[in-house]
Amino acid sequence: MGLRQYLLKRLVHSVFVMLFVVTVVFFAVRSIPGDPARLMLGGDADPEALEALRAELGLNEPLYVQYFQWLRRLLTGDFGESIRTGEPVLGSLVQVAGPTLSIAMLGMVIALVIAIPTGIVSSVKRYEIEDYLSTTIAFFGISMPAFWIGIVLILVVGVNVDAIPTFGYTPINEGVGPWLRSILLPAIAVGFPYGGILMRMMRSSMLEVLNEDYMRTARAKGLTSNLVLFKHGLQNALIPVVTLAGIFLAVVLGGVVAVEIVFGIRGIGRLLIGSINRRDFPLIQGTVLIVSFVFVLANIVVDLLYTMINPRIKYGGGE
Amino acid sequence: MDDIQRSDLEGPKIDRRTTVKLLGAAGIGGTAGCLGGGDGSGGDGGDGESGDDGESGDDGESGGGASGSRISAGWLTDEIEFLDPHMVDLGIQIEIHSNLFNGLLKLNEDIEIVGDAAADWSLPDDTTYEFELHEGMTFHNGDTLDAEAVKWSLERLAGMDTSPHAGKVSNVDSIEADGLDLTINLTEPYAPFVSFMLRGPGRAGTIVHESAADDPDEYARMPIGSGPFELTERTAGESLTLDAYDDYWETDADGNSLPYLDGIDIELIPEPSTMWSALQGGEIDYANLLTGEFAQQAEGTGSLTVQTASAGEWSGIAPLCSNPDDNPEMVRWISGLGEEPTEMWNGEDIPTADPRVREALAIAIDREEIVERAAFGYGQPAHTLYNPAIGWLYNELGEGEPDPGFYYDPERAEELLDEAGYTGEPRLEATVLALTEDERELTVVQEQLSEIGVEIEIDIQQQSSYWDNTYRYEQLLCAYGGASDVDPWMSDFKQFGYPNEETTEGAWQRSLWFDEEYSDLLAEANTTPNLEDRAEVYQDINEMFVENVPFIPTMFPLNPKALVSELGGVGTQAGLSNFHRASLDE
Amino acid sequence: MTVSSRFDTDGGRVFGLRTDLIEQFIGTVNRDLKAKLGVVIVTLFVIAAIFAPELAPYDPMAQDFAPLQAPALSSETPLGTDSFGRDLLSRLMYGARISLGVGLGAVLFGAISGVLLGLIAGFYGGWIDDLLMRGVDVMWAFPWLLIAIMLVAVFGQGVWNVIVAVGFAYIDDFARITRGEVLSIREEEYVLAAESVGLGDLEIVFEEVFPNTVAPIIVQFTVLVARAMLAEATLSFLGLGVKPSTPTWGALLGQGRDFITTAWWISILPGVLIMITVLGINLFGDALRDAFDVREVDSE
Amino acid sequence: MSEPLLDVRGLTTSFETGQGRLTAVDDVSFSIEEGEVFGVVGESGSGKSVTALSVMRLLDDAGTVEADEVRFDGTDLLSLSESEMRSVRGGEISMIFQDPMTSLNPVMTIGEQIAEVVRHHGDVGERTGFWSEMRRKYVTGTSTESRSWRRAIELLETVGIPEPEQRATEYPHQLSGGMRQRVVIAQALAGDPSLIVADEPTTALDVSIEAQILNEILELSDEFGISVMLITHDLGVVRETCDRVAVMYASEFMETGHVDDLFEDPHHPYTEGLLASIPRIDDDREWLSVIEGTVPDLIDKPPGCPFQDRCEYAFDLCDRPLVEYELDSNRRARHAVRCHRENDRVRVDESGHVTDVPDEAVAALERRIEAGDGSSNDATVAESTVRADGGSPTGGFDETERRGDRDEY
């Protein structure tokens, strides 16, 4: 199967997964108690006012009619408007995607940059001080909830280092420096547990690779130990790590939600929780669509990456 | 109580003495009695109580003069849905639109009702209000603000069926506009009317520009007002940018034009702890609300000022007083859910239908302890319904110790439960429906009630489900409260009145306590313009209230606001955040 | 996470449980200091949880002390009090109960559902397999936080919601592992033999196939219990967890956050306990993994 | 006779394990002449591979290598610095491992796997620094214009791989088993070595291509004048290919000598047993003979002959440390055996059984032991059956390593 064909197949499959998710969500959120009209009118709204607003919002239509209306608009790229603010859903999503993705990406970068070298060092220096030190730190990483790390970071770093803000997000177009500073602590909070997981994986995977015959072959060729490790070992050791790294993206995204709240950053997580709390149906649907899109996309990227670093695999799996 | 004459209610200013009577400046102004330290709160006096200390002159301004600069302010919410004053009912939004709009009247920083758009006003008789407007007022788009504009605004409200405030102008008979002269005729004397015309808590009298009719959604998002600041930009769920309106008509005593600040960048911060870290980290200069635990911490720092004021807020627990299925018609109307009332209580015992049980619960609660443990002292015990912001009534009923009222008496509570036949172990079990913000208070209540053998489970729900479920009446108890209530009408008419679709009385009944006699008394009070007479009616109302316990009041929260010490002149009366005269010391 | 076993599937298998697994585990614990540490921690906390009512000095709900008292080992409240004046030590001990319980419960929920799905999918194959595994794919793309929020919206806060919401996310893990194991095992001779003597599907699945999938599942189980406890903490922190005033470590931590600068102990102590427990469970899980020789990494 | 290419004296390699010290190679001596094919035969776990790896200094820290001398082409390998040793590995001495599937890197093109040896050991003027190599690997790829790549293609052609340009860009999994091993051979030739250590080069292959590969190795080594150390468990292979052979059993060399001497006149009971287990066309016995018993535990190995428990000729002296007995040979090569039966003073009957051990035999032995002469080239052999299906992939070396990383996850 060629790359293009494979991608096409994966995309079609993904579209169905997303459609399914979003359909479930569409009916699920409407079946839970809570009336957006009441929330808009401040809770103690008068019954007549409520009725009028519900009619205006089209909430009195039968569910399937609402569903197909929404779907039809979606096909034209129209995500609808937020019930609560009247703003286009797509705009809100674009707006919140920035901080969340920034944090998640930087968090992953931090995790990778730390986990991969330490994982390698730890496996090479097995049972030595470097190994004990880094496995201990990794253990701490996987034993703390991300948001708690965030809280501790605010306490320790944020309050003492003026240059690092403890709250809010600065978009990248206001300068790379301020942007980086604004997402540094949240990214560490997200990246640390993730890094711990990755480091442990990297270590065990590398240990396995170190025992492989081809590593002995490489040494028998007279290569330096660094070359043996990084030229011959690294890519092989990364193969299982990449697969699992993708799966753990879910963990990262879960962590980002709570971390966004700790740092007062309005990202996808806060938007999702807020929109559900407010029964802002179009916004919930839009957010879930985006989240599942990110998941599915990440899955495809991981698969491609996996195929790339593992020449034994053809597109679509199988050897 | 001194009689308040009709002339006392006339412009250009209702003096402090009268306003105190009217609105309970004690609460509004923030000298809040039981609060830690009688001298207000802030560790450093300074402009801690800008209202009370009276800064200077009768409009109380900070000495800064015209020092242009911007400040950044944190708002404790995740979203500002509407800024159309006719739609707004939440304090957090009122606080913002008080900076964007003018009302006919306003509360100044010395807690006096003064003219806002109205330079002066008079009451030729009990049902006629004549206002004389300032000259040269314009909306942010340059349109003139004159009597015609005010008339349009009031008529728009009267004609709206989705506004929660339409009822406030329902007895306006006619409005006449002539240049700067505005005359409002009421169908009958209506006591709360003056307070309805206030900018801020009055809501109804806030002047809306006619573009609101063209595109209501857009207006609710980016309203055009006439206040010292205009909303120039907003990002949903994130921030609002308020810039000084250059042609704002108002000046300070020295003739400098207002406002001093160039603008305010409002950040929406939904988490109290985030607000606190933003304040500590210097990312914001002002926090519109700090929860008690952080206010306490803020007072410990040298660099922050805490100002507190009653925002006319009250909280408590509504007990289910009758089986919803006994009055299906009324319950269906109240709930607005389009559902038949629940039948789950048919044939079931509803313990709270027994007034003795309700009283037992009401007196098993130690309100002083709630204030201390749950609110860190930022509140006042609520022995009855009427909050300190309704000064004339609060004071008349006995200030902090109303008579009659609910006072902590666990022995008596157990006797009452014995009498009512609840002697088991536990005596009673109940679930209380609540919102996140009620959690601390109910945690204390839960422990207090368990002392008399009543076990309650706290069911914290998200706002959306909470609002629906309160009207499903499936729980015996429901945490409930109100805010920005500067007139008793705001606290009792819709909440405890006898349901009436026409007048919207009783539309918010949580307790399903239906008493026509009580309703008659409320009607009498509302049409009694003379405050002394009205207060007397309220004596009777209060007695009925305490006797029947349709509601178990717990606390009148005070809302601590925090300012960096360089910031002064913020008007926090009645829980507002008025930046008209705010300035930064360089 | 993909886990595969390198078990010799034809040695010493007893119906239901394999006694050699237990022996191997004891062997590992005897050899490995980390494994010992893990077992000690887990045992200690399980005991504290089970006997909390007997061991805790006070009622965890009673607001009998001055609020926000700092820990002082000599005082009445050795670990300090929370913002309501409740004894933190007692709350932490009761908290162990619910936190561990939720962790176990959630994974149990995920394991039972997932193992069943995996057994069915793997054993029957064909369209049943396709259908079930596509379903599992969808579950993976479904944000579990959303499920938690919706459950809370419908049923309100509570222990069971947390268990279901957290456990839901683990169904796919267990389904995949079980299916993988079943696929490799079902071709083994003894299963074919069982089929040939005419045992019913159910009998084969439960008596022949399931016992051999136990090892990787147990290992996965411990890994996830640790993660479930972290998830519970996150949910409680977001207000989507247990009912207020129910002491769980996550909830305590969340409540303490507001006092972090003035009363660090309220959130730091439960945080540390979560950390130690998760650490212990992970060490325990590592020991199991060694003992059962299960690889986290599915190499070719 | 000129100095041998490789001369190993008293090589002992041991591993520290949880259960004790495992002696994987015990006091082994041998030499390999230029152009010679030297076979080491023994069952799996006997220490053949570890012997080779010890010489190459490819054992990791877990293994301790001691030797009186490991002299290659006049240089003492044990005294070389690590970087000097690196230029020997893959250059002067290259290796061919057992399983071409696992010994080739699965994520590198075969062209690059050969070209990198050329770069490091040949004189092609391409940079071999860490970053240059990393860039080549992860960023630019190997240039098909480079000299090393072209040399790799030549080598592929040399080992008989069709369409070498195309093959060079492929990955190991895309080739058949035989092709892969040819690639490994090309890789071993790439550094222009004077010695190739081939560790079970055909064990993992189909019987049908076994012969081809062996021929390839032999022809090429002959063509380029390369010595070969052939490690195998297969006596048939040894007979076909080797000039001299050593029989290894339980970490010791039991018998060493010219292949014809060994096959026609085996002196060690283990060698005898081994030979008896090979089916021969001229053999009319119906059943192959099998040596009873099991290999002794190499951990804390007791002194004395490791084969004694299984030896039908075992006698009193077998408990004593082994020494080497040199035998007469009608060929140029030494024939040496480590079995006390060969003690001149020990009397042996027709069947080979010891009939009498005079005191002077014991005394002579004691003198040799005291003189430290126990450490010469000797070969002992043993095992029940020679497996026809290939040696076990796990030698003592692998076993140790694997045990070590059990607690990794």
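In chain D, 8 strands form an open sheet with mixed pairing, in the order E7-E8-E9-E3-E10-E11-E13-E12. Its edges are strand E7 (93–96) and strand E12 (325–327) of chain D, each of which pairs on one side only. From one strand to the next, the twist averages 20°. The model is predicted.

Strand E11 (residues 252–258) of chain D and strand E13 (residues 335–337) of chain D run antiparallel. They are joined by 2 bridges. Within this pair, Glu255(D) stands opposite Val337(D) of E13(D).

Chain A contributes 49 residues and chain C contributes 42 residues. The size of an interface is often given as the accessible area lost when the parts come together. Here, chain A and chain C bury about 4100 Å² between them. Carbon and sulfur atoms account for 77% of that area. The search for salt bridges across this interface returns 0. Polar contact is found for 1 residue pair, with both residues at pLDDT 80 or more.

On the side of chain A that touches chain C, eight helices each supply at least two residues: H1 (3–31), H6 (129–142), H7 (146–158), H8 (176–210), H10 (225–247), H11 (249–262), H12 (268–277) and H13 (281–309) of chain A. The largest share, 8 residues, comes from H1(A). By residue class, this side of chain A divides into 37 nonpolar, 7 polar and 5 charged residues.

Chain B holds several backbone exceptions. Most residues other than glycine have a negative phi, and most peptide bonds are trans. The peptide bond between Asp403(B) and Pro404(B) is cis, with omega about 0°. Pro404(B) sits in the loop between helix H14 (391–396) and helix H15 (410–420) of chain B. Another cis peptide bond runs from Glu425(B) to Pro426(B), with omega near -5°. Pro426(B) belongs to the loop between H15 and strand E16 (428–434) of chain B. Thr504(B) is not a glycine, yet its phi is positive, at about 60°. Thr504(B) is located in the loop between helix H18 (488–496) and helix H19 (516–526) of chain B.

Technical notes: Residues are numbered from 1 along each chain as its sequence is written. Chains are lettered from A and ligands numbered from 1 in the order in which they are written. This is a predicted model: local features need pLDDT of at least 70, side-chain atom pairs count only at pLDDT 80 or more; totals for chains, interfaces and linings use all residues. Side-chain values use heavy atoms; hydrogens and water are left out. Contact means heavy atoms within 4.5 Å. Buried area is the accessible area (1.4 Å probe) that two parts lose on being put together, summed over both. A salt bridge is a side-chain nitrogen of Lys or Arg within 4 Å of a carboxyl oxygen of Asp or Glu. A polar contact is a pair of N or O atoms within 3.5 Å; within protein, one must be able to donate a hydrogen and the other to accept it, and residues adjacent in sequence count only if both atoms are side-chain atoms. Helices (H or I, at least four residues) and strands (E, at least two) are DSSP runs, numbered from the N terminus. Ala, Val, Leu, Ile, Met, Phe, Trp, Tyr, Cys and Pro count as nonpolar, Asp, Glu, Lys and Arg as charged, and the others, Gly among them, as polar. Two strands pair if DSSP finds at least two bridges between them. Axes are lines fitted to C-alpha atoms, for helices over the stretch in contact, and angles run from 0 to 180 degrees between N-to-C directions.
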